[in-house]
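The following note sets out several points on helix packing, aromatic contacts and backbone geometry.

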Amino acid sequence: MNLEFRGEWSLLASALLAGSLAVVAWLFYYRELRRRRDRFKFWLPTLRALTVFLVVLMLPQAMLIHRWTIGEMAKVHVFVDLSQSMELRDDSLGVDRRLMIARRMGMLENDPFDDDLGRARQLLRSAGDVAGRLKADEPGTGFHDGVDSFKGAMEDVFAELKKIGPAVWPEGAERRLEFASEVVEPARALASRARGTDPRVTHRQLLTLLGVSGRWQGVLDQTWTAHVKEVAAGGSEALEAAGKAAGEQSRLRRVEKYLLEAEKGIAARLAGTHQVELVYLRGDGALPFWSGSPDSADRLPSRFELPGTNGITDLSAPIRERVGDAEGNGKTAIVLISDGQHNSGNSPIELARLFGQRGVPIHSVGIGSTERPADVAVLEIESQENVSREGRVRGEILLKDDMRAGIRFPLSIEHQGATLWSTNLETRMEGVRRIAFDFSVKEVAERMAAADRDVEFASQALKLTAVAGRISEDKDVANNKGDFRISVGNRKPRVLLLDGRPRWEFRYLRNLFERDDNWDVVTLLEGAGGAAGKWPRGEGVGKFPGTSEQLNQFDLVIFGDVSPGQFTAQDLTWLVEFVTVRGGGIIFVDGRRERLGSYSTTALGLLLPVKFRPGFPVFERLPMQFEVTAANDMLSPLNLTGDPARNAQVWGALRGPHWVAQVTAQPATETLANLVYGPNRLPAMVFHRVGSGKALYLGFDESWRWRFNVGDLYHQRFWNQVANSIMEPPFQVRGPYVAMDTGRLRYEPGNRAVIRVRPLQAALKRVPNPIVSLVLERDGKTIGTVPLVADAGGSGVYRGESPPLEAGDYETRVVIDGLAEGLIRARTGFSVGSKSRMETAQLHCNEPLLRDLARESGGTYIAEEDIDSLVSSLEPLSKGHLMEAQHPLWNSPWWFVPIVLVLGAEWFLRKRAGLV
């Protein structure tokens with residue numbers, strides 16, 4: 001039930017008039033009674049004023065409306081592409097199409113085009129679309145009724161053709177007679193004999209006739225195009241201005257007008273006969289924003305709530321996810337409004353075929369110019385993200401080249417205006433090209449480090465820009481640049497490798513880390529070069545750290561089969577603090593001398609994730625096999641192949657050791673791998689977190705055997721991955737007061753940055769219990785502050801997460817309450833945005849793809865200027881009817897009874913007052 005007002009006067013105007021007249025009536029009445037001293041002098045004017053108010057309020061004609069639907073309503077899903085390319089303007093559109101778009105958008109004051117020809121071609125197209133979806137096996141009389149409807153539509157087309165004058169269609173008199181003999185008469189004959197003929201035979205004849213009508217559709221379209229061009233050629237300034245204004249409207253704004261316009265909007269017209277759902281296509285997701293049906297079509301929004309900002313377009317997965325497994329049966333249809341620039345996800349053609357099998361047609365509406373504009377664009381930069389200061393940056397620039405051949409232009413990579421690499425190219429009109437680059441960043445990194453000598457960069461984030469030199473004919477110069485970031489490593493992770501004897505495991509590990517330029521390793525071997533004794537203390541080669549600060553310069557300790565006498569109690573305390581407080585990592589590699597078990601009763605026992613059995617026994621059997629508990633976890637450091645099934649096979653085939661220590665895992669630890677022999681299953685790799693750090697125990701020392709026949713393939717990958725996962729990642733920037741890290745160099749929009757900050761000793765001396773936060777700046781403007789929380793266990797590391805990030809360039813700085821901001825000079829940054837710019841690879845409407853989508857699904861393709869034909873194409877889907885019952889209140893007893901009661905009350909009170 002809805003209360004509506006159907007009169008010529010609006011409710012607001014009527015209420016204002018009624019209120020004014022009621023006040024006037026009250027004043028006149030009160031003037032007559034003002035000398036009385038009883039309550040009647042107020043009551044009587046009020047009742048008279050109320051009567052006047054109710055009588056005047058009849059003007060808007062209030063009516064109670066009850067609507068309901070009889071029959072079945074079809075469901076129409078309308079998907080609107082919100083990608084970046086939908087924000088483009090089509091100023092290169094042909095003048096004929098621009099005028100048609102201007103006409104559809106209501107920009108022409110005086111329509112110079114022939115409506116009869118326009119209606120004829122639209123009627124012909126709609127009738128052909130509807131008849132093309134008829135099926136011979138439709139239940140009841142549906143198929144026969146459809147053939148009758150096609151006949152009637154052809155007669156209507158002929159009637160419109162007869163109205164077209166020779167000025168618009170010079171050969172019209174002859175051609176319409178041909179149309180009558182080739183289409184109208186055969187349609188009449190087919191309809192007359194359809195009910196007595198096998199529907200399958202009639203269907204084949206109908207398809208033949210549709211082929212003929214399709215040829216006539218081409219004739220009328222060509223005639224219409226010629227007519228529009230003729231009007232445009234002799235057009236006035238008003239026509240030229242309207243065409244220009246249409247071209248200046250973005251694609252998305254035009255779609256907004258087509259769908260949501262108050263009187264001619266497609267959404268409201270469809271909702272008059274169907275259940276309609278309007279859905280945004282946002283990247284790889286779908287977001288519904290309005291649903292309408294015959295009783296709610298008047299509550300349509302007037303504008304889109306979101307802009308077209310998505311860097312990718314997926315015309316497959318979001319539609320499938322939203323529509324689901326719906327079976328069509330003529331009751332579901334999809335409308336896709338897009339420029340067709342699909343650049344992410346699975347092929348939409350496969351989706352169209354799937355929906356076609358289910359009877360769910362996709363009607364595609366092509367938005368934008370179908371001509372490929374002249375354009376050069378930087379689409380993507382493929383490069384390694386990490387490089388050492390001495391290394392070189394290598395990669396490729398994906399360049400779109402849709403410019404006519406022979407125009408020379410430069411392509412360069414710059415940093416803060418300085419050119420690091422450049423080359424000269426010539427346009428080839430060949431689509432996407434790959435241009436290789438190779439340059440050094442040593443000079444840039446040294447210059448940045450020299451600019452602030454108080455700040456130590458473990459890695460420097462360089463924002464680089466690939467620039468394609470501007471060409472005068474370029475359609476969109478905004479896409480000639482592409483940013484990317486690389487991290488220039490200035491500090492290698494430091495490893496302290498300790499062992500009590502030169503066993504094979506020690507030798508291979510020492511060679512592995514020393515030969516890898518990505519690591520800085522210090523190795524200490526007990527008794528090396530002479531009699532056994534304590535290692536010398538201090539910094540440098542062959543020395544064990546002499547202070548806690550020196551030990552904390554390392555990131556990882558690999559602790560082998562070292563005798564306890566090698567360490568003092570202070571050394572062991574430092575090692576425990578290195579893990580639990582500093583956040584370092586330690587890997588224990590057991591040996592046959594069972595010395596690791598001797599540390600169980602020392603301070604170092606806190607770090608051991610296993611319990612040693614009395615006597616430290618070992619298990620010796622051949623062949624033992626590895627059983628990896630997290631073989632399917634691709635984030636596990638034990639992932640050696642990148643494929644879960646293959647990874648399990650590799651671990652099953654790796655050579656097992658000849659022995660393993662018989663230990664049991666401590667509570668709250670994780671056993672990463674076991675060694676299995678028959679019914680025996682012994683922990684081989686056990687991991688746990690201790691305070692702020694991590695510890696891993698290996699109960700064997702024969703990983704070097706994995707090199708058999710494959711060299712470094714698995715051995716080196718295992719140790720690199722395990723080392724990186726156990727140690728604390730280096731902070732990007734370290735200054736006198738803080739070390740800070742913001743995770744990755746580039747985040748996708750909507751991601752959250754992971755933040756780590758460690759206040760250093762200089763800060764802690766001034767503020768012992770600091771309150772730490774991180775200030776986020778985007779494109780030079782402060783956008784917020786992220787509070788950081790200290791790790792439990794007193795590691796000294798503060799962590800936090802940013803809110804969801806928007807696209808832009810970010811810079812971060814640390815704030816510590818009680819410490820002057822100027823003292824903390826360490827800063828770092830990152831970028832937020834899609835790495836790929838494939839969304840701008842093509843700026844035209846991909847009409848072939850949209851046509852294929854429609855054809856494979858049984859739908860129709862419609863150019864945007866003909867979008868109104870959607871209504872007639874979809875009309876046959878719904879067999880339901882909207883019923884409406886009107887109950888006029890303004891002339892009903894419900895309105896007159898209160899008026900009579902008020903007048904009666906006034907008469908009664910007047911009599912009591914002696915005025916009658």
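1. Helices here are DSSP runs of type H or I with at least four residues, strands are E runs of at least two, and both are numbered from the N terminus. In that numbering, L161 belongs to helix α5, which covers residues 142-163. The model under review is a predicted one.

2. Is L161 buried or exposed? L161 counts as buried, because its relative accessibility is 0%. Leaving aside residues up to four places away in sequence, L161 touches A120, W169, R176, F179 and L220.

3. Two packed helices are described by the angle between their axes and the distance between the axes. For α5 and α6, the axes come within 9 Å and cross at roughly 160°. An angle over 145 degrees counts as roughly antiparallel, and α5 and α6 are therefore roughly antiparallel to each other. The crossing of α5 past α6 is left-handed. On the α5 side the contacting residues include V147, F150, M154, F158 and L161, and on the α6 side they include R176, F179, V183, A187 and L190.

4. Helix α6 (residues 172-193) also packs with helix α7 (residues 199-233): their axes come within 11 Å and cross at roughly 160°. α6 and α7 are therefore roughly antiparallel to each other, and α6 passes α7 in a left-handed crossing. Among the α6 residues that meet α7 are R175, F179, V183, P186 and L190; among their counterparts in α7 are L206, L209, V212, W216 and V219.

5. How many aromatic pairs does the structure hold? The count is 32. One of these pairs joins F718 and W719, with ring centres 5.5 Å apart and 85° between the planes, an edge-to-face arrangement. F718 counts as buried because its relative accessibility is 0%, and W719 counts as buried because its relative accessibility is also 0%. Elsewhere, one aromatic cluster is formed by W535, F544, F559, F567, F588 and Y599.

6. Two arginines are placed over aromatic rings. R494 lies over the face of F554, 4.3 Å from the ring centre. The charged end of R507 sits over the ring of W504, at 4.9 Å from its centre.

7. Most residues other than glycine have a negative phi, and most peptide bonds are trans. F616, not a glycine, has a positive phi of about 50°. F616 is found in the loop between β21 (610-612) and β22, and counts as partly exposed because its relative accessible area is 30%.

8. N709, likewise a residue other than glycine, has a positive phi, near 70°. The loop that holds N709 runs between β28 (693-698) and α18 (712-726). Is N709 buried or exposed? N709 counts as exposed, because its relative accessibility is 69%.

Definitions and conventions: Residues numbered from 1 in each chain as written. Predicted model: local features only at pLDDT ≥ 70, side-chain atom pairs only at ≥ 80, totals over all residues. Heavy atoms only, no water. Phe/Tyr/Trp six-rings, centres within 6.5 Å; stacked < 30°, edge-to-face > 60°. Buried < 20%, exposed > 50% of the residue type's maximum accessible area, 1.4 Å probe, protein only. Lys NZ or Arg CZ within 6 Å of the ring centre and 35° of its normal. Axes fitted to C-alpha atoms, helices over the stretch in contact; angles between N-to-C directions. Parallel < 35°, antiparallel > 145°, perpendicular 65-115°, else oblique. Left-handed = near helix turned anticlockwise from the far one by under 90°. Contact = heavy atoms within 4.5 Å.
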